[in-house]
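Hello,

Here is the structure I promised to pass on.

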Amino acid sequence: MHRPELVTKLYEAAVRKVPSSEEYHSHLFMAYARVGEYKKMQQAGMTLYKIVPKNPYYFWSVMSLVMQAISAQDKKLSQTMFLPLAERMVEKMVKEEKIEAEAEVQLYYMILERLGKYVEALEVVRGQLGEKLTSELQSRENKCMSLYKQLERWPECNALSCKLLLKNPDDWQFYMSYFDSLFHLIDQGWEPPSEGEHCSEGEVRSSVAQAIAFVEERLAVEEAKETRPLRGPFLARLELIRRLRARGCPEEQELGEPLELMFQYFIKFGDKPCCISDLKIYLDLLTTDHHVQFINRLMETVPLSEPQDDGVALPGDTRALQRHLCVAQLSRALGLHHALDTTGKLDLIRQLKSHYRHGLQFGKSCLKTELQFSDMYCLLASHVYIDLWAETGDETMLWQCLGLLEEGLSHSSSNAQFKLLLILLFCRMGAFEPVVDLYSSLDAKHVQHDTIGFLLTRYAESLGQFAAASQSCNFSLRFFHSNQKDTSEYIIQAYKYGAFEKIPEFIAFRSRLNRSLHFAQVRTERMLLDLFLEADLSSSLEDNVKSMGLCPEEDDIPWTDMRDNRDLTVLTSWDPADRQLSEEQRSFSLQEELLWLKVRFLTLRLVGTLAVLSHPPTPRNAEKAAENGVVAKPDILRPLLDQLNTTLQNGAQFLERGVQYPFLGPSPTRLAHALASGSCHCQVLAFQLAAYVQELDAAALEETTEVQTQISNSFKSLLIQLKEILNKCKGDLLEVKEGQCKTQPTLLENLVFFVETVCVVHWVSCFCAGVLRPLKASLQKRKKKKKEPISATMVVFSGFQEFTAGLQSLFSEVLDHIKGQETSLTALKLGELTLEEVMPAGEEAFVKLAMDKLRSSYLRSLQELGDLLKKRADVLKSLKI
């Protein structure tokens with residue numbers, strides 16, 4: 001029943017009946033854990049311990065105290081009451097020598113750490129209790145290292161790092177600790193004592209000369225090995241050079257020339273796929289004029305065959321292929337691909353495709369789920385195609401890119417990078433239909449619905465596929481809703497198995513998901529979608545709003561505490577640093593997402609307000625208008641309208657900055673298109689009209705001549721603005737000119753905005769009719785009684801009739817436009833495209849496959865938009881006053 005809070009009542013009653021039952025008491029504890037009743041958990045834990053004096057029960061109670069400290073609003077209270085009490089409870093067990101399990105020591109450590117008692121924590125870890133910390137590799141050492149850093153005991157940190165690196169010279173975290181502590185000691189001018197040990201951890205290597213000697217000793221050990229050397233020491237040398245260079249230390253030259261060292265590294269590890277990610281970090285150590293020289297030297301060491309007929313020399317085995325691939329990736333990371341002219345780029349693509357297709361022979365025995373050895377060539381070539389399209393605007397490059405990726409996917413059906421890039425390209429070209437299957441084949445699991453879900457939901461609605469959009473929102477929402485239940489189960493398991501340090505992590509995880517930007521976006525879009533598809537069609541707007549539990553007065557989005565959990569680097573990129581996504585662009589992207597979310601959420605709340613203000617259908621007398629429910633309710637329409645206007649102004653100011661994101665970075669929101677199409681301002685005008693009508697309803701008709709004029713003007717303005725939006729939808733979505741295929745996805749996005757705006761105008765019209773109908777009826781009654789001539793007040797009523805008639809003709813016009821588009825798309829002969837001239841045989845089949853997917857998607861979008869508009873048009877015909 002999703003009512004876990006009632007379970008506690010059941011077990012409280014059971015415990016009263018059988019007060020000595022261990023089972024009932026432990027179930028009661030877990031029931032409290034499910035609903036986060038930490039104080040009651042603490043009491044239940046102690047009661048259980050008194051009945052059955054087992055250590056775990058005692059520590060359940062201690063952990064519940066820690067959770068009270070973590071969840072307390074008043075941090076002072078947690079530091080002065082909850083944590084000290086938890087500390088005393090554990091100390092009691094320590095004194096009585098009752099500590100049995102590792103989990104209990106972990107909990108003690110956690111309490112001391114949260115209290116900032118790092119010295120005491122260090123004593124625990126290094127003492128007898130620390131011997132129980134065995135479940136993780138180097139658990140004690142890692143905890144000691146963390147505490148030394150907190151206490152800024154750099155000599156100990158330095159000595160311990162060295163000691164651990166002697167045991168495991170490939171552990172990168174200890175190299176980082178060693179270098180961090182080294183430079184802290186140098187900055188502090190630390191000198192070793194004249195006698196005795198340097199520190200409790202042994203010898204400290206605190207000078208640059210000692211650090212260089214230490215790294216070189218590790219290297220010498222690796223070089224002397226007969227087996228394959230470890231990568232750690234070789235990368236540590238580059239890391240040390242980078243740090244010394246950043247500080248302007250001349251000693252960096254003693255370690256060698258970065259170009260030569262990176263060359264040597266490639267010789268040793270170039271056939272490992274990780275070589276590119278290792279070296280990419282240190283490419284900034286090379287000067288610009290060394291880039292070409294570096295790549296040429298690497299190429300000389302790659303064993304390739306004699307050049308073929310097309311002038312391309314190919315590798316003979318997978319190790320040579322991996323080396324060549326690494327050089328190609330490094331070339332792109334150094335910006336050498338970007339420096340080529342159009343001809344150079346096209347030639348590069350030709351070579352990369354040759355390498356890709358040649359490399360497929362090495363993967364013939366691969367399983368379906370395995371990637372081909374040469375897949376990255378295909379991806380590199382796709383990136384160069386995208387560069388060409390960005391520079392020249394030639395859409396042929398995009399078509400060829402789509403064809404190449406489709407070909408890649410036919411050989412390597414599990415390649416997530418191919419799928420992600422295809423999703424991005426299809427969406428940018430306005431096709432959503434092929435994206436649904438691509439995304440579901442990625443088989444996104446659990447938290448990925450939050451981290452990469454935006455790739456799907458960003459375009460779902462904006463490309464007119466409402467059914468698929470609704471489904472994709474449900475995918476994400478299902479995860480967010482189940483997270484609440486699942487996290488409670490994880491917490492219970494953590495208590496059961498004594499993994500206390502995981503409990504705050506689970507709570508933080510749940511909180512992070514609840515405050516997720518993507519969650520707020522998907523929830524808002526899902527509600528709007530449901531309203532566009534159903535409100536005032538299959539059921540009334542009021543019923544829809546009620547069933548959603550939407551309360552227009554409440555703003556339940558945590559704006560100041562929002563978490564952006566998007567993975568913006570999910571698409572592989574080898575672009576140079578200046579072309580990668582910068583921190584500033586990330587922050588701009590978040591600002592833009594929040595602005596657009598605010599626009600959508602305020603629109604949703606305004607639509608909800610229309611439902612709240614709607615009249616019951618029974619006619620009423622105009623004399624009683626001031627007593628009806630409308631005036632009694634607080635006016636929430638105008639404040640929300642003011643907020644929407646302000647947000648739109650902020651949005652326009654943001655767009656003036658002209659922020660551009662890398663193609664493989666975050667997609668821009670719909671904000672720019674929404675403002676350019678005029679749909680936002682048209683919706684604002686519609687809500688403004690509702691506010692005027694509300695004002696008219698609240699006063700006597702004779703006193704509102706000014707409001708009536710505003711209403712009449714609004715009717716006319718709305719029709720003009722809707723006509724302008726419609727004009728921005730005119731044109732061909734897909735056309736073939738001179739053998740070339742061109743797309744205009746903006747027209748489709750504008751058409752979706754037109755449909756959304758028409759839905760808002762429809763709801764406002766229904767609201768107006770609900771107010772005007774009883775007013776007109778009462779006016780006619782009064783006129784019959786008094787035999788008065790019809791006064792000027794009838795202008796509003798005639799204005800409304802003209803407005804609905806104008807809307808109907810607009811509907812006819814847009815439906816004709818959609819029908820025309822469907823006809824021209826169906827008749828479009830993609831087979832007549834002259835693809836053979838620009839691409840070799842074999843490739844054209846994949847390009848035509850992509851084109852067919854695009855056309856099919858456009859047709860489905862048009863069909864869904866047309867169906868929705870037809871339904872709206874039919875309902876509008878019956879709208880009379």
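In which loop is E152 found? E152 lies in the loop between helix 8 (139-150) and helix 9 (154-167); helices here are DSSP runs of H or I with at least four residues, strands are E runs of at least two, and both are numbered from the N terminus.

Before the rest, a word on the source: this is a predicted model, in which local features need pLDDT of at least 70 and side-chain atom pairs count only at pLDDT 80 or more, while totals for chains, interfaces and linings use all residues. Residues are numbered from 1 along each chain as its sequence is written, and side-chain values use heavy atoms, with hydrogens and water left out.

Most residues other than glycine have a negative phi. E152 is not a glycine, yet has a positive phi of about 55 degrees. E152 is exposed, at 53% relative accessible area (exposed is over 50%, buried under 20%, partly exposed in between, with a 1.4 Å probe and protein chains only). D443, also not a glycine, has a positive phi of about 55 degrees. D443 sits between helix 22 (433-442) and helix 23 (448-451) and is partly exposed at 45%.

H25, in helix 2 (residues 22-35), is buried at 5%. Leaving aside residues up to four places away in sequence, H25 touches V15, P19, T47, L48 and I51 (heavy atoms within 4.5 Å).

As for the whole chain, there are 37 helices and two strands, and 53% of the 881 residues count as buried. The C-alpha trace spans about 115 × 90 × 50 Å along its principal axes.

Best wishes
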